[in-house]
Amino acid sequence: MSYHWDFSGVWSRWDLLLTGLVNTVKIAGISIVFGVIVGLLLAFMKLSPRRFLSVPATAFIEFYRNTPPIIHFFWFYYALPVLANVSLNPFLAAVLALSTQSGAFYAEVFRGGIVSIEKGQWEGARALGMRHSQLMRRIILPQALTRMFAPFVERSFELTKTTALASTLAYADLLYQAMLVNSETFRPLEVYTTIALMYVILLVTASTLARVAEARLTAYR
Amino acid sequence: MTEPILRVTDLQKYFGDLHVLKGIDFSVEAGERIAIIGGSGSGKSTFLRCLNFMEMPSGGTIALDGKPIGKPHGRDGARRYPESELCTVRERVGMVFQQFNLFPHMTVLENVMEGLLTVKGMRNAAARERAVRELEKVGLGTKLDAYPGKLSGGQQQRVAIARALAMEPEILLFDEPTSSLDPELVGEVLRVIRQLADEGRTMLLVTHELGFAYHFATKVIFLADGVFHEVGTPDDVLKNPRQERTRAFLERFTEFGF
């Protein structure tokens, strides 16, 4: 093997890759926010004793958890316009695909955090005369949050990696930009190795920040 | 005769098909200290937990100051209990649990202040002052800023007692407060309960500590198979039981006595 690595093509189109990285961070960030909203909604619906709330939530969660992510990208981009006569731009279609599916996963993370709090904590709070809303806010959620944190971060990293599928809709994320650079330079080895390392740097940085935050959350243990 | 604070009429409790409490009639007057004893599975904890609605009664009525709690609902004698009414009852009927149930994410002081702030709506300074006073009373004035996880079981249970006391309940329920403690820590908790007895507080205690029950209680109840088998003074029930069932139960406890 006497391959001569040549990163000059990658360097010359560095601006394209950087735009791609920014777009990847942007779409991941926005999808996490919407995913959390969807997830909270689904979690409380599923926890509800009222079946007209819990049954649809369970169905939604199972549907999105058990389908390949790329289907949802195609569905929102190609199928929704047929159904609703609206066409979404690639960014919006990708955000919807990412936040609905990760919402389903987040819902299980949130619900799991809440139900993992021991029965005694609910009883201890109730015995003081606290109302359901008070004990949720003061006793259950603060403890559940610290337990949800690690799986939440894990799930958010999954989501960030899944954003690469947005390139199939021609959204200018890191992977899409890499494909552009590759078509100009014909250097797939250098291009794809570079962006793989960019994903690694992004997520390792994020996980370091997450560990600091987690250490603060769980300081009482 | 004075009106009882708490009156229970025909209390029934089912867990599925299992009939746990089979029609209990019972009342508590101010200043009474009642020890409830019985084998495991006899329903004694369930009975106590019905009194502050940690368990919802399946039938019968519980009345505080002569006023029945909840509203009749349906034909089978079950009642409906609005949340706001239950919260008021629980403020007046405090509980100390076998497993302490302290809030691990709050310091000792915050644990005791929590109910004062959220339930009673007290201001921070006033809540703090009362919480410190109660913690000093149970001998934990130096542990205010510790987290429960750093305390021994006996200390945790004393915090739990201070937390219940701070709410100034009219009745205090103890659900096997020493059963999950190492033997050498039982004494410090019992001493605090004894101290509350000297203050004339109205208390109900479910316990396996028969010796303590004898000295603590004004009345002892032996519960078996979901009914009150024998009720009387500590001397009656613990020293001269009339029922064969009570005698058999007590013998199992004194088997290895010395």
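**Ground rules.** I'm working with a predicted model, where local features need pLDDT of at least 70, side-chain atom pairs count only at pLDDT 80 or more, and totals for chains, interfaces and linings use all residues. Residues are numbered from 1 along each chain as its sequence is written, chains are lettered from A and ligands numbered from 1 in written order, and side-chain values use heavy atoms, leaving out hydrogens and water.

**Chain A, helix 4.** Helix 4 of chain A has 16 residues and spans 21 Å from first C-alpha to last, close to the expected 22 Å (1.5 Å times one less than the number of residues). I found a bend of about 45° at Trp75(A), taken as the angle between axes fitted to the seven residues ending there and the seven starting there. His72(A), Phe73(A), Phe76(A), Leu80(A) and Pro81(A) are buried (under 20% relative accessible area, 1.4 Å probe, protein chains only). The buried residues of this helix pack against helix 3, helix 5 and helix 7 of chain A (contact is heavy atoms within 4.5 Å). Just past the helix, Asn85(A) has a positive phi of about 55°.

**Chain B, strand 1.** I then checked residues 6-15, which run antiparallel to strand 2 (residues 18-28) with 8 bridges (pairing takes at least two DSSP bridges). The two form a hairpin with 2 residues between them, and Gly16(B) in the turn shows a positive phi of about 65°. Strand 1 is also antiparallel to strand 4 (residues 59-64), through 5 bridges. I followed Gln12(B): its bridge partner in strand 2 is Lys22(B), and in strand 4 Gln12(B) stands opposite Gly59(B).

How values were computed:
Helix = DSSP H or I, 4+ residues; strand = E, 2+ residues; numbered from the N terminus. Buried < 20%, exposed > 50% of the residue type's maximum accessible area, 1.4 Å probe, protein only.
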